Amino acid sequence: MAGLGWQRRASRGPWALLAAALLYAALGDVVRSEQQIPLSVVKLWASAFGGEIKSIAAKYSGSQLLQKKYKEYEKDVAIEEIDGLQLVKKLAKNMEEMFHKKSEAVRRLVEAAEEAHLKHEFDADLQYEYFNAVLINERDKDGNFLELGKEFILAPNDHFNNLPVNISLSDVQVPTNMYNKDPAIVNGVYWSESLNKVFVDNFDRDPSLIWQYFGSAKGFFRQYPGIKWEPDENGVIAFDCRNRKWYIQAATSPKDVVILVDVSGSMKGLRMTIAKQTVSSILDTLGDDDFFNIIAYNEELHYVEPCLNGTLVQADRTNKEHFREHLDKLFAKGIGMLDIALNEAFNILSDFNHTGQGSICSQAIMLVTDGAVDTYDTIFAKYNWPDRKVRIFTYLIGREAAFADNLKWMACANKGFFTQISTLADVQENVMEYLHVLSRPKVIDQEHDVVWTEAYIDSTLPQAQKLADDQGPVLMTTVAMPVFSKQNETRSKGILLGVVGTDVPVKELLKTIPKYKLGIHGYAFAITNNGYILTHPELRPLYEEGKKRRKPNYSSVDLSEVEWEDRDDVLRNAMVNRKTGKFSMEVKKTVDKGKRVLVMTNDYYYTDIKGTPFSLGVALSRGHGKYFFRGNVTIEEGLHDLEHPDVSLADEWSYCNTDLHPEHRHLSQLEAIKLYLKGKEPLLQCDKELIQEVLFDAVVSAPIEAYWTSLALNKSEDFLKAGDKENIFNADHFPLWYRRAAEQIPGSFVYSIPFSTGTVNKSNVVTASTSIQLLDERKSPVVAAVGIQMKLEFFQRKFWTASRQCASLDGKCSISCDDETVNCYLIDNNGFILVSEDYTQTGDFFGEVEGAVMNKLLTMGSFKRITLYDYQAMCRANKESSDSAHGLLDPYNAFLAAVKWIMTELVLFLVEFNLCSWWHSDMTAKAQKLKQTLEPCDTEYPAFVSERTIKETSGNIACEDCSKSFVIQQIPSSNLFMVVVDSSCLCESVAPITMAPIEIRYNESLKCERLKAQKIRRRPESCHGFHPEENARECGGAPNLQAKMVLILFPLLLMLFSR
């Protein structure tokens, strides 16, 4: 029923709703009398109000009728306990099969690409008109198609979120900084055209596939289905497939890296700017399986993060951003002593490797400098020869070539690569070269390792940008495999052709999970080999509601940050180590925007998903969450009631998989169920067990429609219309009112008001809901929930009317809620005000209004404070920033800045240091200013829960010059309490109790410990660090600057002058 993601409503005019029955009660004026009521009468008030409000809620929701109908069908119901281990194994098997289908599609692309390249002979003069993703369908002023911009048919496709695509062909994107007709690109595009038929064949075999692509080592990106790419406002396409995580992860093995940055006096000005950008670009190429540190050197060593002296840290997003911030603090002075730096780097790599931490695979030293006066043979002989296990990559900064030979020798003698970086525009392309060197052993081994990325949002792709405007960013994982050259003459060179991949939206994983088997509070989740969340209902990747902005560290949220009650990481570590088992603990699950908390005991079951780096977990709450029921009705009677106009299904729940075949994608879930049951669509895959349950619910609840209609006939103006109803189910969880009702004592109602996000327009509706259970025992599953929504004014009027009752025979009461000496409140079990004489206090926390009383209630045990933690919070911070500091670390800001530098160089023919002084004064020496930003942080905040066993209490609070008395009385059959407070004693010395979160601030020592802390992780199973046949002579050379400038200058000048 409601538990299976569906609803029933009346079919004529006025209506009520099972599982979300929204019912307005009639309005009326609040009348207050000024009777004096003895203190003992507070219990009378509570009893009178509780009896009447329950009578209204039960009558209009039909809860008693529904309970009776389920009782009648009890003999047709079988209650089963959920076997958590068997369930999680079955779910893992389903996911394994789905992931295997995706990886097989990628494998077919690899085979086709390698075969096509093997048959192709490079032709430097090849002319080939391909579909350029930016230029397609573009015309010149005469109406003719642009070169590389032929007509490319695009049509909206519902499987691709109605984006205009071409499902017959792929098209090709080339980065802005690359020449569309470069012979290497034209040849690569030509032979990779053979992938088109494989793209289409894959999609025919597995219609659930979405985007498939090939990222070339030369820089172009072939994507299927073809889609139009639009440059940004600067005319730039920032996307380069080679710096995407899926590309880097598939192309290389895990690595430990020490980056050495020369900060001697000769590195001043532009050279230091280029060096910082080079280091930042290297960081971009490191992933969660890599480890690194950065050391600046002159006469002395300067760890960029002094806390991490002598060790390496994991290259997750948080750590990389931390180091980027410290890069801004580097400045040049003194003399460069490279020998000291090299000794330190080799010692760090050796010591760290012996700890058993890190990648235990490839190791490298990245040297960023403007020169080396020696080749340092003795150091390499001591630490690295003859095995050469540590590769040396050298980056010569600046145009001078005096020291190029020394740096190139160092790289070539240690299986590395040398490159010279003269401008900011050169940085990204030159940094990428080291990836191809690290890929050589894997290529020579011909090991096509399948890699899966962590969950991420790629907002740079055109489909992601268009979807973000409509639906918000899409969380996904990517399966990718490397593509190698199989030509005999290139074998020892280990040439990587590129990487192929396909995306798997995380929401597709959720479709494999039978939510009805997990219970009301249950959920499934998955993590990576590093313990990071792939999917979890508590993962919050976005912030600033409505703006849909990504949190900086959204892709590296650890399981321990959401299941934080597991302080010893027992669950996390077991899953990281791919174990199968069970774990139990008490949890505090926040709901209703973190303002309420449900305390329960969860049983966790977990196992690994074979063929992937992921592990799957299932959480089941004890009690009713461990049981589910099977109803039994005939298909004929079930269909009869399911097709009734007052029944609707939540399309977010997957009764049938309508995505597998194009002819089914237009079907609603109800239409799919009917076709499946009538046997008209043999290819339609449906969950037979779930459908049987929803048929049972439709039959059992059929009489309630007539009941609701008869109630509403004479009061149609008091009811919500069907068009006012918002959908409340989704694929992740049951609605809040349902979950709270399930935790209430059977037969009682939960009352609440929705929280407003602003200070105005507070809710004027009270929701009352109750659960329906099959048996009186606690092991019975909750089979449904029903409720009403009444107007707040009506609800409050009932409260004030009840509070006017008096037990005295003469009708004269000593106290009344109308008296100025008392304040009367109605609060819920979490301390939120539903009724107050001051209407503006509705929805506020009681402790903020009556701090002294709330404090006393906490002391007496009537309420208890529960401390909660949010390790995904965003806090406001004031930071010093210059307009240029981080701008230059952005590749395309750097790109445009580089144009300015090149233009000045060409026109003025200045010497480098003079030019740098102009650059520095114009581009980086800007006044520092404070800027308020939102940054990731940890927070602590309270929630409050009433003690169920305490029904009533009274007390006195000693204040500075008076005594404040109060009475609290539980409202029967509800989650509510009446509170009467003496208002004559203000008790202002006691501060209000707030629920505002408090940022957890860490001192420098603790910050250091957190940086050093290495949680248990599992290394990728494959490692290709070295190969004896590797050709180390391919180790780079100084680029031809003049040729490079010719290629990049013209498009960049156009871009600059168009700004």
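This is a predicted model: local features need pLDDT of at least 70, side-chain atom pairs count only at pLDDT 80 or more; totals for chains, interfaces and linings use all residues.
**Entry 1. The whole protein**

Residues are numbered from 1 along each chain as its sequence is written, and side-chain values use heavy atoms, with hydrogens and water left out.

I looked up the secondary structure next and recorded 28 helices and 40 strands. Helices (H or I, at least four residues) and strands (E, at least two) are DSSP runs, numbered from the N terminus. Of the 1059 residues in the protein, 58% are buried. Buried means under 20% relative accessible area, exposed over 50%, and partly exposed in between (1.4 Å probe, protein chains only). Among contacts with a separation of 6 or more, 76% join residues 24 or more positions apart; a contact means heavy atoms within 4.5 Å.

**Entry 2. Helix 3 and helix 5**

I turned to helix pairs, bearing in mind that two packed helices are described by the angle between their axes and the distance between the axes. Helix 3 (residues 84-119) and helix 5 (residues 195-205) have axes that come within 10 Å and cross at roughly 160°. That angle makes helix 3 roughly antiparallel to helix 5. Axes are lines fitted to C-alpha atoms, for helices over the stretch in contact, and angles run from 0 to 180 degrees between N-to-C directions. Angles under 35 degrees count as roughly parallel, over 145 as roughly antiparallel, 65 to 115 as roughly perpendicular and the rest as oblique.

I recorded the crossing of helix 3 with helix 5 as right-handed. A crossing is right-handed if the near helix is turned clockwise from the far one by less than a right angle, and left-handed if anticlockwise. On helix 3 the contact is made by Ala105, Arg108, Leu109, Ala112 and Ala113, and on helix 5 by Leu195, Val198, Phe199, Asn202 and Arg205. These residues divide into seven nonpolar, one polar and two charged. Here Ala, Val, Leu, Ile, Met, Phe, Trp, Tyr, Cys and Pro count as nonpolar, Asp, Glu, Lys and Arg as charged, and the others, Gly among them, as polar.

**Entry 3. Helix 7 and helix 8**

The axes of helix 7 (residues 270-284) and helix 8 (residues 317-327) come within 11 Å and cross at roughly 180°. I listed Lys276, Val279, Ser280, Leu283 and Asp284 from helix 7, in contact with Lys320, Phe323, Arg324 and Leu327 from helix 8. By class, this contact holds four nonpolar, one polar and four charged residues.

**Entry 4. Helix 18 and helix 19**

For helix 18 (residues 635-642) and helix 19 (residues 669-677), I found axes within 12 Å that cross at roughly 160°. The two helices are therefore roughly antiparallel to each other, and their crossing is left-handed. Ile635, Leu639 and Leu642 of helix 18 meet Leu670, Ile673, Lys674 and Leu677 of helix 19. I counted six nonpolar residues, no polar one and one charged in this contact.

**Entry 5. Helix 22**

Which residues of helix 22 are buried? I found Leu792, Phe794, Phe795, Gln796, Arg797, Phe799, Trp800 and Ala802. Helix 22 (residues 792-802) is mostly covered, with eight of its eleven residues buried.

**Entry 6. Ile340**

Ile340 lies in helix 9 (residues 338-354) and is partly exposed, at 34% relative accessible area. Leaving aside residues up to four places away in sequence, Ile340 touches Glu299 and Leu301. Ile340 and Leu301 are 39 residues apart in sequence, yet 7.6 Å apart from C-alpha to C-alpha.

**Entry 7. Backbone details in loops**

I noted a cis peptide bond between Tyr224 and Pro225, with omega about -5°. Pro225 lies in the loop between strand 8 (221-224) and helix 6 (245-251). Trp385 and Pro386 are also joined by a cis bond, with omega near 5°, and Pro386 sits in the loop between helix 10 (377-383) and strand 14 (390-397).

Is Cys987 buried or exposed? Cys987 is buried, with a relative accessible area of 3%. Its phi is positive, about 55°, although Cys987 is not a glycine, and its place is in the loop between strand 39 (976-982) and strand 40 (998-999).
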